[in-house]
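Work through the exercises below with the sequence and the model side by side. Try each task before reading its solution.

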Amino acid sequence: MTQVTKSTMIGELLQIDQNIAPILLNIGMHCLGCPSSQMETIEEAAMVHGIEPDALVNQINEFLAKNPA
């Protein structure tokens, strides 16, 4: 089972499973297609958007556990 960490890059995250995009969009990360966002870590992106990084990582890992690629 794939798991991500706070240091996982957004670009890498979307390569793991593109179905994670709605999770990010729902919390206000509308810049997923921006080239600079691809090189941000989950932690950096969460902090910019006022989201607790650990909570976001947990939400993504729960999604990945329930929806194996």
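**Exercise 1. What volume does the largest cavity have?**

Solution. Start with the ground rules. This is a predicted model, in which local features need pLDDT of at least 70 and side-chain atom pairs count only at pLDDT 80 or more, while totals for chains, interfaces and linings use all residues. Residues are numbered from 1 along each chain as its sequence is written, and side-chain values use heavy atoms, with hydrogens and water left out.

Step 1. A cavity is a set of points, on a 1 Å grid over the protein atoms alone, where a 1.4 Å probe fits but cannot get out. Its volume is the space filled by probe spheres set on the points, and points are joined across faces, edges and corners.

Step 2. Count. The structure has 1 cavity of 30 Å³ or more.

Step 3. Read the volume. The largest cavity takes up about 40 Å³.

**Exercise 2. Which residues line the largest cavity?**

Solution. Step 1. Lining residues have an atom within 4 Å of a point. For the largest cavity they are I10, M29, C31, L32, S37, E40 and A45.

Step 1. Sort them. Ala, Val, Leu, Ile, Met, Phe, Trp, Tyr, Cys and Pro count as nonpolar, Asp, Glu, Lys and Arg as charged, and the others, Gly among them, as polar. The lining then splits into 5 nonpolar, 1 polar and 1 charged.

Step 2. C31 is partly exposed, at 32% relative accessibility. Here buried means under 20% relative accessible area, exposed over 50%, and partly exposed in between (1.4 Å probe, protein chains only). C31 and A45 are 14 residues apart in sequence, and their C-alpha atoms are 9.9 Å apart in space.

**Exercise 3. Find the salt bridges. Which residues are linked in a network?**

Solution. Step 1. Apply the cut-off: a side-chain nitrogen of Lys or Arg within 4 Å of a carboxyl oxygen of Asp or Glu.

Step 1. Take K6 and E43. Their side chains form a salt bridge at 3.9 Å, N to O. K6 is in the segment before helix 1 and E43 in helix 3 (residues 42-48), so this pair ties together parts 37 residues apart in sequence.

Step 2. Take D54 and K6. Their salt bridge spans 3.5 Å, N to O. D54 belongs to helix 4 (residues 53-66) and K6 to the segment before helix 1, so the pair joins parts that are 48 residues apart in sequence.

Step 3. K6, E43 and D54 are linked in a network of salt bridges.

Step 4. Check accessibility. K6 is partly exposed at 29%. E43 is partly exposed at 31%. D54 is partly exposed at 38%.

**Exercise 4. D17 has no salt bridge. Is it buried or exposed?**

Solution. Step 1. Locate D17: it lies in the loop between helix 1 (10-16) and helix 2 (21-26).

Step 1. D17 is buried. The nearest side chain of opposite charge is K66, 13 Å away. Lys and Arg count as positive and Asp and Glu as negative; His and the chain ends are not counted.

Step 2. Look for another partner. The D17 side chain reaches the backbone nitrogen of N19 at 2.8 Å.

**Exercise 5. Which backbone nitrogen does the side chain of T8 reach?**

Solution. Step 1. T8 is placed in the segment before helix 1.

Step 1. T8 counts as buried, at 8% relative accessibility.

Step 2. The T8 side chain reaches the backbone nitrogen of T5, at 3.0 Å.

Conventions
On a 1 Å grid over the protein atoms alone, a cavity is a set of points where a 1.4 Å probe fits but cannot get out, and a pocket is an open set with protein on both sides within 12 Å along at least five of seven lines; lining residues have an atom within 4 Å of a point. Helices (H or I, at least four residues) and strands (E, at least two) are DSSP runs, numbered from the N terminus. A polar contact is a pair of N or O atoms within 3.5 Å; within protein, one must be able to donate a hydrogen and the other to accept it, and residues adjacent in sequence count only if both atoms are side-chain atoms.
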